Amino acid sequence: MGFFSKRKETRDTEDLGAHNQDEQPGVEEGLSNDLGPFDSTEDSDDIARVDFGSLRIPLTPDLRVSPDVSEDGRGISGLTLLLDSSAVRLMAVASPKSGGLWKDVRGELKVQLTKQGATIEERDGVFGTELLAQVPVQNAEGRSGRAPMRFAGIQGPNWFLRVIFNGAAAVDEEAAKPLENVVRNIVVHRDATPRPPKEILPITLPVDTEQEA
């Protein structure tokens with residue numbers, strides 16, 4: 001597992017749902033279960049993981065990890081994992097025990113993506129209710145096109161994990177399986193610091209971030 005340059009977070013899909021009221025969780029809320037992701041208070045297993053603070057990522061051959069730098073440049077808001085032709089972006093935030101964040105964030109995503117000209121499909125996926133969006137993009141040559149993005153939300157006991165699949169994993173079930181398996185084996189840690197709902201849980205970098213694991 002490798003580590004490489006930091007990515008600066010863009011505004012278009014990052015600061016979502018900061019002021020809405022939380023609702024009661026349901027089946028569609030993508031509740032974490034026996035398949036993971038797991039809470040740090042649960043019994044440990046024998047899987048080796050790299051500790052990034054609020055996110056503990058399982059060691060995976062050829063997996064590359066890049067921190068997402070917050071928009072203000074003052075901290076790290078999440079991690080991007082890359083494997084083959086796919087990527088997944090992760091952000092863990094504080095959540096009340098009542099849950100409900102995914103329904104809230106999902107609604108705001110629909111509004112925001114629609115304003116960007118994206119087409120959106122809500123569907124049942126491996127992590128519960130998911131959104132599949134075709135987002136307008138422009139390449140380096142100035143040509144316009146659309147890029148697929150697959151959004152999922154996973155509710156923990158006092159945290160919420162936002163997941164965005166890009167590349168082949170957004171649309172190809174077989175291509176998605178390796179990264180889905182990585183996500184399933186992530187451990188999320190919420191520290192004892194009181195935090196309002198949707199505050200980003202801190203990411204810290206391992207000391208030997210330039211080393212191959």
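The questions and answers below concern the classification of residues, strands, helices and salt bridges in a predicted model.

Q: Why is Val65 called buried?
A: The cut-off for a buried residue is under 20% relative accessible area. Val65 has a relative accessible area of 0%, and therefore counts as buried. The residue belongs to strand E6.

Q: What makes strands E6 and E7 a pair, and in which sense do they run?
A: A pair needs at least two bridges between the strands. E6 (residues 64-69) and E7 are joined over 6 bridges, so they qualify, and the sense is antiparallel. The C-alpha atoms of Val65 and Leu82 are 6.5 Å apart, although 17 residues separate the two along the chain. In the hairpin of E6 and E7, 6 residues stand between the strands, and among them Gly73 has a positive phi near 75 degrees.

Q: How do you know that strand E7 also pairs with strand E8?
A: Against the requirement of at least two bridges, E7 and E8 (residues 86-94) have 5, in the antiparallel sense. Leu82 has Ala87 in E8 as its bridge partner. The hairpin of E7 and E8 has 2 residues between the strands, and Asp84 in this turn takes a positive phi of about 55 degrees.

Q: What makes strand E7 mostly covered?
A: Of the 8 residues in E7 (residues 76-83), 8 are buried.

Q: Why is Glu180 called buried?
A: Its relative accessibility is 12%, which lies under the 20% limit, so Glu180 counts as buried. Glu180 lies in helix H2 (residues 173-184). Apart from neighbours within four places in sequence, Glu180 is in contact with Val126, Phe127, Arg150 and Phe165. Other buried residues of H2 include Ala176, Leu179 and Val183. The elements that cover the buried residues of H2 include E7, E8, strand E11 (144-155) and strand E12 (159-167).

Q: How do you know that the span of H2 agrees with its number of residues?
A: At 1.5 Å a residue, the 12 residues of H2 should span 16 Å, and the end C-alpha atoms are 15 Å apart, which agrees.

Q: What makes Asp172 a cap of H2?
A: A side-chain oxygen of Asp172 lies 2.9 Å from the backbone nitrogen of Glu174, at the N-terminal end of the helix.

Q: Why are E3 and E4 called edge strands of their sheet?
A: The open sheet contains 4 strands in the order E3-E13-E5-E4, with mixed pairing. E3 and E4 (49-51) each have a single partner strand, so one side of each is left without a neighbour in the sheet. E3 runs parallel to E13 (residues 187-188), and 2 bridges join them. Asp39 stands opposite Val188 in E13.

Q: Why is the pair Asp51 and Arg56 called a salt bridge?
A: The limit is 4 Å between the side-chain nitrogen and the carboxyl oxygen. The closest N and O atoms of Asp51 and Arg56 are 3.9 Å apart, so the pair meets the definition. Asp51, at 44%, is partly exposed.

Technical notes: Residues are numbered from 1 along each chain as its sequence is written. This is a predicted model: local features need pLDDT of at least 70, side-chain atom pairs count only at pLDDT 80 or more; totals for chains, interfaces and linings use all residues. Side-chain values use heavy atoms; hydrogens and water are left out. Buried means under 20% relative accessible area, exposed over 50%, partly exposed in between (1.4 Å probe, protein chains only). Contact means heavy atoms within 4.5 Å. The expected span of a helix is 1.5 Å times one less than its number of residues. A polar contact is a pair of N or O atoms within 3.5 Å; within protein, one must be able to donate a hydrogen and the other to accept it, and residues adjacent in sequence count only if both atoms are side-chain atoms.
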